[in-house]
Amino acid sequence: MATSTLNGRRIIVGVSGSIAAYKAVLLVRLLVKAGAEVRVIMTPSATEFVSTLTFSTLSKQEVLTSVISEEGWNNHVELGLWADAYVFAPATANTLAKLANGICDTVLAAVYLSARCPVMFAPAMDVDMWLHPSTQANIQRLEGYGNDIIPVGEGELASGLSGAGRLAEPETIVEAITTKLAAIDAEDGKILAGERVLLTAGPTHEPLDPVRFIGNHSSGKMGVALAAALLQKGAHVELVLGPASAKPAEHSNLTVTHVRTAWEMHDACVALWPSMDAGIMTAAVADYRPETAADKKIKKDGDALSLTLVKNPDIAATLGKVKKSNQRLIGFALETNDGKMYALGKMKRKNFDAIVLNLHTPEATAFGGDTNQVTILKADGEELAFERMSKVKVAQEVVGVLIGLR
Ligand code: CTP
């Protein structure tokens with residue numbers, strides 16, 4: 001699976017007034033290219049060097065330069081909590097001094113004081129300013145707050161002098177942010193951070209007329225448990241959900257697309273699949289639909305009613321057919337008999353990397369219940385058999401298998 005720590009990450013770039021501000025333009029460009037959502041905050045003096053228009057065009061977001069703007073009061077607390085990382089590039093001697101001392105006279109500083117995310121400073125200034133004991137004391141103070149300093153470069157400076165104080169190169173800053181976020185992910189066990197996973201869940205309803213449909217008993221509970229297990233590991237989840245009774249809790253990394261029919265689920269999945277790292281297909285898709293859906297309620301005119309059913313698209317097989325080498329696909333199979341044989345056949349036919357086999361016995365139905373007894377069969381031949389356990393636990397095991405497939 002593709003692992004990009006910056007994909008989907010929310011990063012604030014704080015720009016203060018320095019000739020090196022032009023490098024922040026390249027930095028924002030690199031971050032956006034890596035898939036990050038970027039918000040730029042500038043000090044008023046930074047706008048003398050680079051216009052807000054440059055940054056707002058690159059980040060596709062309004063640039064903040066003041067706590068009060070034309071739109072009214074800018075909620076700096078909200079922005080501070082929104083971010084996964086706050087990077088000051090360039091950080092001038094003045095900005096470092098103010099932040100080391102909690103002076104809050106710019107929106108840059110207000111967001112800094114509200115931020116709970118990692119904060120990194122990429123300083124830029126003349127060599128003597130950099131070496132001055134007050135600057136070095138401020139740097140130490142900021143490090144003491146748990147902030148990171150991205151080392152300055154050495155060389156020719158805007159003043160004409162030569163020495164330490166150059167802003168780190170944009171690529172070096174991106175690397176520092178990536179390393180920092182990856183280390184935090186590893187600490188939090190967020191091993192799927194930056195990965196996008198498509199999940200189908202629930203039944204589909206195939207209309208007969210405006211008030212009736214053909215459907216099944218799928219509750220969507222397995223899919224909702226899987227969404228939670230994936231989110232816990234840091235993944236971004238695209239849940240395509242049929243009309244299920246189970247509802248997922250809201251989460252900033254979860255997008256839910258509600259669909260009704262197999263064709264709607266198919267279209268939503270096909271649109272999402274190219275940008276996904278993995279897919280888990282738990283939906284109980286109706287294999288057939290009425291050939292025509294009456295536009296008015298069907299009346300009970302005769303003693304018998306015959307329906308012609310036509311085949312629905314096989315969503316999992318469609319995705320499996322166009323699966324790229326960096327994508328992983330896991331399916332489910334609910335069987336009443338000869339489970340292993342059928343499940344292996346489905347894995348092959350639909351190009352799954354693993355399939356979760358659920359044997360339906362009269363005493364233990366998976367539909368609607370909170371437990372499940374599964375065997376996970378992998379395309380490499382490995383077989384993992386489990387005791388009956390909660391769907392939450394099954395979900396964790398399936399996510400464990402997905403992680404192992406990367
Ligand atoms: N699936 C799908 N689209 C369909 C049918 C199934 O995406 N139209 C997916 C299911 O979500 C599951 C896997 O394919 O992950 C196997 O589903 P299942 O209903 O067991 O298999 P079918 O191919 O429909 O075979 P059958 O009904 O004959 O057992």
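Which backbone N or O atom lies 2.9 Å from a nitrogen atom of the ligand? That atom belongs to Pro 313. The model is a predicted one, and its chain is divided into two parts, domain 1 (2-188) and domain 2 (196-404).

- The backbone of Pro 313 supplies an N or O atom 2.9 Å from a nitrogen atom of the ligand.
- In the side chain of Asp 287, an N or O atom is 2.9 Å from an oxygen atom of the ligand.
- An oxygen atom of the ligand also has a polar side-chain atom of Lys 346 at 2.7 Å.
- On its own the ligand has 570 Å² of accessible area, and the protein covers 77% of that area.

**Site and shell**
- The ligand takes up the space of the largest pocket.
- Helix H11 (315-321), strand E18 (328-335) and helix H12 (339-349) are the elements that each give two or more residues to the shell around the ligand.
- E18 contributes the largest share of this shell, with 4 residues.
- In total, 15 residues surround the ligand.
- The closest of these residues are Met 281, Ala 283, Ala 316, Lys 346 and Lys 350.
- Sorted by class, the shell holds 9 nonpolar, 5 charged and 1 polar residues.

**Domains**
- Domain 1 covers residues 2-188, and domain 2 covers residues 196-404.
- A distance of 44 Å separates the C-alpha centres of domain 1 and domain 2.

**Backbone geometry**
- Most peptide bonds are trans, and most residues other than glycine have a negative phi.
- Between Ala 89 and Pro 90 the peptide bond is cis, with omega near -5°.
- Pro 90 is part of strand E5, which runs over residues 85-91.
- Lys 60, a residue other than glycine, has a positive phi, near 55°.
- Lys 60 is placed in the loop between helix H2 (52-59) and strand E3 (68-69).

Notes
Residues numbered from 1 in each chain as written. Predicted model: local features only at pLDDT ≥ 70, side-chain atom pairs only at ≥ 80, totals over all residues. Heavy atoms only, no water. Domains from an automatic or database assignment. Near = heavy atom within 4 Å. Polar contact = N/O pair within 3.5 Å; in protein donor to acceptor, adjacent residues only side chain to side chain. Areas by Shrake-Rupley, 256 points an atom, 1.4 Å probe, with all protein chains shown as cover. 1 Å grid on protein atoms, 1.4 Å probe; cavity = no way out; pocket = protein on both sides within 12 Å on 5 of 7 lines; lining within 4 Å. Sits in = over half its atoms within 2 Å of the grid points. Nonpolar A, V, L, I, M, F, W, Y, C, P; charged D, E, K, R; others polar.
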